[in-house]
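The sequence and structure come first, and the notes follow.

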Amino acid sequence: MTTDHLPEASAGSAPRGRPRDASRDRALMDATLTELQLHGYSGLTTAAVARRAGVSTATLYRRWRSKEDLVVGAARAWAENLGPDHDHGSLAADLGVLLRDKAAALEGPSGRLLRAVLGEAAHNRALADVLFDAFVIPLQGRVLALLDRAVERREIPEVEDPLVVAELVIGPMVSHTFLVPPETGGGHAATPGADIAERLLPYLLRALGARRA
């Protein structure tokens, strides 16, 4: 879990009393993810999160004002970490690494949170906005960068709508990892995410008009 989005003390006068314990923030985020996995957004309660984290509800409410704020905070804390973008020398290598990074993210804590809150995001704008920022924008950035490099190498023609390529990555990866039972995947990889990453790569390369090595 990153700590970039854990709550911070408000600016202004010097804080009074003991400094806030950052370990409690981490415990609350861990507890929120666990409660979401067990009960979903509708079944999550701030009391259950506080109890699981071993803190009082007053401690929780000093950090997050409501259940929605708590879950939004968790989405930010567990934001997808796709890792740095590196030039691996070819479109096939760059895209293959991206797909494997996406698979690892979906099968880790960020993916578990995404699975638990996607339904709520359909009618909760604040949560939907955070999920877009935390899960979609990082992937779009990686896709645009690797496509630019591929065009510069003359591996592919100019891509008319590169954001569609990002959608072609997100859609199959999420649906396969979250919805398709592992035994029906048809691939040989150890996990559903790795399976679809392996199988999706040649289709994306053909769709982009990549020249053969």
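## A buried arginine

In this predicted model, R142 has a relative accessibility of 6%, and because this is under 20% the residue counts as buried. R142 belongs to helix α7, which covers residues 125-152. Once its neighbours within four places in sequence are set aside, R142 is in contact with L82, G83, P84 and D85, and also with V97, L98 and D101.

## Packing of α1 against α6

Helix α1, made up of residues 22-43, packs with α6 at an angle of about 35 degrees, and the two axes lie 9 Å apart. The crossing of α1 past α6 is left-handed. On the α1 side the meeting residues are L33, L36, Q37, G40 and Y41, while α6 contributes P109, R112, L113, A116, V117 and E120.

## Charges over rings

Y41, one of the α1 residues that meet α6, also has K67 over the face of its ring, at 4.6 Å from the ring centre. In a second case, the charged end of R206 sits over the ring of Y203, at 4.8 Å from its centre. The count of aromatic pairs, by contrast, comes to 0.

## Confidence

The protein has a mean pLDDT of 87, with 86% of its residues reaching 70 or more. Over residues 8-18, however, the pLDDT is below 50, and this stretch has 2 contacts in the model beyond near neighbours in sequence. Among the elements, the highest mean pLDDT, 97, is that of helix α2 (residues 46-53), and the lowest, 92, is that of helix α6 (residues 109-121).

Definitions and conventions
Residues are numbered from 1 along each chain as its sequence is written. This is a predicted model: local features need pLDDT of at least 70, side-chain atom pairs count only at pLDDT 80 or more; totals for chains, interfaces and linings use all residues. Side-chain values use heavy atoms; hydrogens and water are left out. pLDDT is the predictor's confidence in each residue, from 0 to 100. Helices (H or I, at least four residues) and strands (E, at least two) are DSSP runs, numbered from the N terminus. Contact means heavy atoms within 4.5 Å. Rings of Phe, Tyr and Trp (its six-membered ring) pair if their centres lie within 6.5 Å; planes under 30 degrees apart count as stacked, over 60 as edge-to-face and the rest as tilted. A charge sits over a ring if NZ of Lys or CZ of Arg is within 6 Å of the ring centre and within 35 degrees of the ring normal. Buried means under 20% relative accessible area, exposed over 50%, partly exposed in between (1.4 Å probe, protein chains only). Axes are lines fitted to C-alpha atoms, for helices over the stretch in contact, and angles run from 0 to 180 degrees between N-to-C directions. A crossing is left-handed if the near helix is turned anticlockwise from the far one by less than a right angle, and right-handed if clockwise.
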